[in-house]
Amino acid sequence: MRQPEQDLAAGVRRVEPPKPTASAQPTKAAQQYDTKTTPYDALIAQSAQQYGIDPVVFKRLIGTESSFNPRAVSPRGEKFGLGIAQIADVHGLTREQRLDPNIAIPFAAQLFSRYLQVSGGDYEQALQRYKGASSDKGKAAMSGTINTILSGITPSAQAAPAAVAADTP
């Protein structure tokens, strides 16, 4: 069985998380994710902290992916997304690993952290990558969901430069 945490560990950079603003309020949809208590809250927060991503954004991402259902299947099929973090086959985890929140959630945090690195700390671009929205049509289809995830977050903080972790080459 593969060890997913070792797969992405090399080259992961810490990214400063966006900071909520006093004046900007999250949408009602975002607040539903923020206030929902799940059995995975501690693991979501711990994984976000471990990989230097905003825990609110990460919880909302998981919520939009699966409604916190560890057995969720993408409407496009298991190959495209399975489990609480809707991890696709291409990432190399086994079916059992993708269905195990104790593996899938930290893996998703690590993957999202890498997408933030590649996106220069831009949360919107990193979310588009995570959600597989690469074309203009895909980005348009995901814009409402991404806006929900980022609502109440300062846009300028989203583009904050990434700080390189000590173990990054």
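**Helix H6 and its packing partners**

Analyst: The crossing of H4 and H6 is right-handed. Please keep in mind as we talk that this is a predicted model.

User: Happy to start there. How do you know how H4 and H6 are placed against each other, and at what angle do they pack?

Analyst: Two packed helices are described by the angle between their axes and the distance between the axes. For H4 (residues 55-66) and H6 (residues 101-118), the angle is about 115 degrees and the axes are 11 Å apart.

User: Which residues make that contact?

Analyst: From H4 come Val57, Phe58, Leu61 and Ile62, and from H6 come Ile105, Ala108, Ala109 and Phe112. Contact here means heavy atoms within 4.5 Å.

User: What makes up this contact by class?

Analyst: Eight of its residues are nonpolar, with no polar and no charged ones. Val, Phe, Leu, Ile and Ala count as nonpolar, so every name in that contact falls in this class.

User: And H3, how does it cross H6?

Analyst: H3 (residues 41-50) crosses H6 at roughly 35 degrees, and their axes come within 8 Å. This crossing is right-handed. Leu43, Ile44, Ser47 and Ala48 of H3 meet Pro101, Asn102, Ile105, Pro106 and Ala109 of H6. By class, the contact has seven nonpolar, two polar and no charged residues.

User: Why is H6 called largely enclosed?

Analyst: Buried means under 20% relative accessible area. By that cut-off 14 of the 18 residues of H6 are buried, so the rest of the structure largely encloses this helix. For the chain of 169 residues, 48% count as buried.

User: How do you know whether the length of H6 agrees with what a helix should span?

Analyst: At 1.5 Å a residue, its 18 residues should span 26 Å, and the end C-alpha atoms are 25 Å apart, so the two agree.

User: What is found at the start of H6, and what just after it?

Analyst: At the start, a side-chain oxygen of aspartate 100 comes to within 2.9 Å of the backbone nitrogen of asparagine 102. A polar contact needs N or O atoms within 3.5 Å, so this pair meets the distance cut-off. Just after H6, glycine 120 has a positive phi of about 65 degrees.

User: Last one: how many helices and strands are there in the chain?

Analyst: The chain has nine helices and zero strands. Among its contacts with a separation of 6 or more, 61% come from residues 24 or more positions apart.

How values were computed: Residues numbered from 1 in each chain as written. Predicted model: local features only at pLDDT ≥ 70, side-chain atom pairs only at ≥ 80, totals over all residues. Heavy atoms only, no water. Axes fitted to C-alpha atoms, helices over the stretch in contact; angles between N-to-C directions. Helix = DSSP H or I, 4+ residues; strand = E, 2+ residues; numbered from the N terminus. Left-handed = near helix turned anticlockwise from the far one by under 90°. Expected span 1.5 Å × (residues − 1). Buried < 20%, exposed > 50% of the residue type's maximum accessible area, 1.4 Å probe, protein only. Polar contact = N/O pair within 3.5 Å; in protein donor to acceptor, adjacent residues only side chain to side chain.
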